[in-house]
Amino acid sequence: MKYQVVIAGIGGQGAVFLVKVLSIAASLKDQKCLGTENHGMSQRGGSVSCYVKVGDFHSPAIDEGQADLLIALEGNEGLRNIQYLEKTKGTIIVNADSKFPKIEYKTIKIDAFSKARNKEFPIQALNVYMLGITLARDPNFPFSLNDIEKAIKQMNAKMAAKNIEVLHQAIEDARNI
Amino acid sequence: MKDILMGNDAIALALIHANVDMISGYPGTPSSEILGNFQKFKDKFGVDAYAQWATNEKVGFEVAYAGAIAGRTTCATMKQVGLNVASDALMSASYIGLKGAMLLIVADDPGFHSSQTEQDSRSFAKFAKIPVLDPATPDEAYNMVKLGIEISKKFETVTMLRPVMRVCHAREICEVDEKLDFNPQKGEFKREIKRWAAVPPAGRFRQGLEQFERIEAIKEYNWNELIEPKIKKLQGAKTLCLTSGTGNGYVIEALEEMKIEADVLKLDMPYPLPKEKIEALFVNYEQVIVFEETYPCIEEQLSSPKLHGKLTNDVHKIDEFTKDKVLAAFSNVGLIEKNQFYKSAKYADELPVRPPNLCPGCPHRDVYYSVMKVFKKKKSIYPSDIGCYTLGLNQGAIDTVLCMGGSISMASGFSIADPSKTVVATLGDSTFMHSGVSPLINAVYQNHKFVLLILDNSTTAMTGRQKTPERINPSKIDIKKIVEGCGVECHEYEYTPNVDKTIDFMKFLKTKYENATGPVVAVIREFCILDKERAPEKLPQVFAEVDEDKCVECDICTTLYKCPPMNYNENHKIEIDPFLCIGCSACLDDVCPTDAFIKVEK
Ligand code: SF4
Ligand code: SF4
């Protein structure tokens, strides 16, 4: 199995956390996994893009037209990285409002910012929320809810319950997209 | 045992598994987590090791090098531009050699992700005549740390490990030792004046000859241990790809995915190369292409009409690899037709750029804003330095950025060259410790007239908040005393999130400057917003919002102040993003000329 994920967002939104969760999930399933995180300058609110490659890969970067999934924690950052998506079967899961333009890719859109503003979930968990949407709406996603829950627990047992709650809520919300 | 590790975690763990018990260095992206993680592992496993940040890379190198002369197994870490600072020591250390072992880890940054140059430390190793290993992934970095220590011990030479950002910050499931069997060497300095204090010309001439012999012996080793075992696996294709480090992964994936036939020989040690033996392999091939980041280090060591690479304009010369660039090289040498497989259209419309910015509430922002209010742009020159505060660029408050500590010497130069302007230099506390003291002494003794602001947040914020010397040992190290010791008065200002007060302090400095005959120096006591120990008590938790009726769209806040939460909304009025505002209250004071920023009443 080969599956490539680009995670795009703004520094501080926790893209790196998702790289960690997905690589733990891969290892729990005995899959090979190679990813890169973004550190340094990008922590200061700049654009961030991280990669996770599950399966037999050798280079840590993802090339244009190759990603199966693009998780965009913010709309413009999703568009900025859109060229990485595979043209026919790639999916973008994006946090954006109704102004997000129509694009020629399979798009799952949710306005997570407005939900956070309505205090439906804490904004700090935006990354986990978008992962929940992914679990619910990307049929090719190689991990199950159970895999991800295990990975989240392994990563940080103390915070796990809160994160898993957000995950479930996102899956619930995804029904209404 | 399998473990999911980031490259810098894998390197740190391997250092402990290789019995390194002295490590020093200076933070710099992408190398910083190596020493930081070593400290964590050291505490976790309870091993007895020296692991401290040095004031700069040269100091760190020298501490570790002396350890290795005294027989210990040591390591120094830095980023590639840090090696420039440590290079004076390295060049001589390469002649002299060592007794224990020393791994010099220098992290490169192809693609300029967070560096001012794209220099290739493998080429630096070649220049210094020390062996260098180039890992492709975290798992390989783990193994190469051990190999590097072994080579250093065997040949009594400093050995370099050169991971790039895509190794340091890559994450991979690595195979690591199950058991920790920490068994470091005892240090014992053995007097050998002819070696450790070899003087030119005779002493160094002799060591120069030894250096040549050593490199020849390492070439042999490189062939026998690292290259020859791989040769059997070559398939006999018509094209040979010579790869180094991360270049290897891109080539292998491109070959596999595009079903192109070529042999790949990865050179784990890109310097020193057994030139003749490698070239002898070429007879079986029609062409040989070298894939390496970022300089033609391997390519320059080989010669053959069959050889293609950066020097023949077949492989790209700047920026990181992509598989598209690999295919371009393949088509340049005629292996394949032009191929656009790894190309895809970018989003067509223009997207707002999102450059890195100072954090919301960062005290640096107020300082720069106040500097520009008081020392007007037209009549000033603003040299700055390397750190978070370089992002004052966004506010238009920085004119030059060169290298660590360069702000002060450049302030001297500008004050001589263009005395009609007021030079206001800024640098951080860590940079001041790193290389700000000698240029300050220079300015004081020669009476160069400029304003120097030392922005002291007592942390190396940019690279992940490593603690600085005055933070760890405040009773002994104080910037004010250091400045005074350099022979000049040091004014002091305790930052509060009240822009009016910061402006008043700048006005005070301006009057001092007017009557000064030499540098006017001030230390501004700040804090870093991300500093969990210090920031919370300093933040008033007074949040801002905008009175839309008052906002006249003057752009002052979005150009001169630039706090990230401030953006225009659809009504062309400024809006403050409540998710980003951290409640520092600073913008409520002076920033808006019509007082549109108001306090959020809860
Ligand atoms: S990390 Fe600290 S010093 Fe750097 S911009 Fe943020 S608040 Fe300022
Ligand atoms: S109060 Fe004003 S200056 Fe402070 S973080 Fe919020 S918007 Fe920025």
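## Ligand 2

The shell around ligand 2 divides into 10 nonpolar, two polar and no charged residues; Ala, Val, Leu, Ile, Met, Phe, Trp, Tyr, Cys and Pro count as nonpolar, Asp, Glu, Lys and Arg as charged, and the others, Gly among them, as polar. The shell consists of P360(B), G361(B), A544(B), Y561(B), C563(B), P565(B), I576(B), C581(B), I582(B), C584(B), S585(B) and C587(B), a residue being near if one of its heavy atoms lies within 4 Å.

## Basis of the model

The model is predicted: local features need pLDDT of at least 70, side-chain atom pairs count only at pLDDT 80 or more, and totals for chains, interfaces and linings use all residues. Residues are numbered from 1 along each chain as its sequence is written, chains are lettered from A and ligands numbered from 1 in the order in which they are written, and side-chain values use heavy atoms, without hydrogens and water.

## Ligand 1

Ligand 1 lies between chains A and B. Of the 11 residues around ligand 1, those that come nearest are C359(B), C362(B), C388(B), C528(B) and I529(B). Eight nonpolar, two polar and one charged residues form this shell.

## Helices α4 and α6 of chain A

Helix α4(A), residues 126-137, packs against helix α6(A), residues 157-174, at an angle of about 45°, with the axes 7 Å apart. Helices are DSSP runs (H or I, at least four residues).

On the α4(A) side the contact (heavy atoms within 4.5 Å) includes V128(A), L131(A) and R137(A), and on the α6(A) side it includes N163(A), V166(A) and D173(A). The contact residues divide into 11 nonpolar, two polar and two charged.

Notes
Axes are lines fitted to C-alpha atoms, for helices over the stretch in contact, and angles run from 0 to 180 degrees between N-to-C directions. Helices (H or I, at least four residues) and strands (E, at least two) are DSSP runs, numbered from the N terminus.
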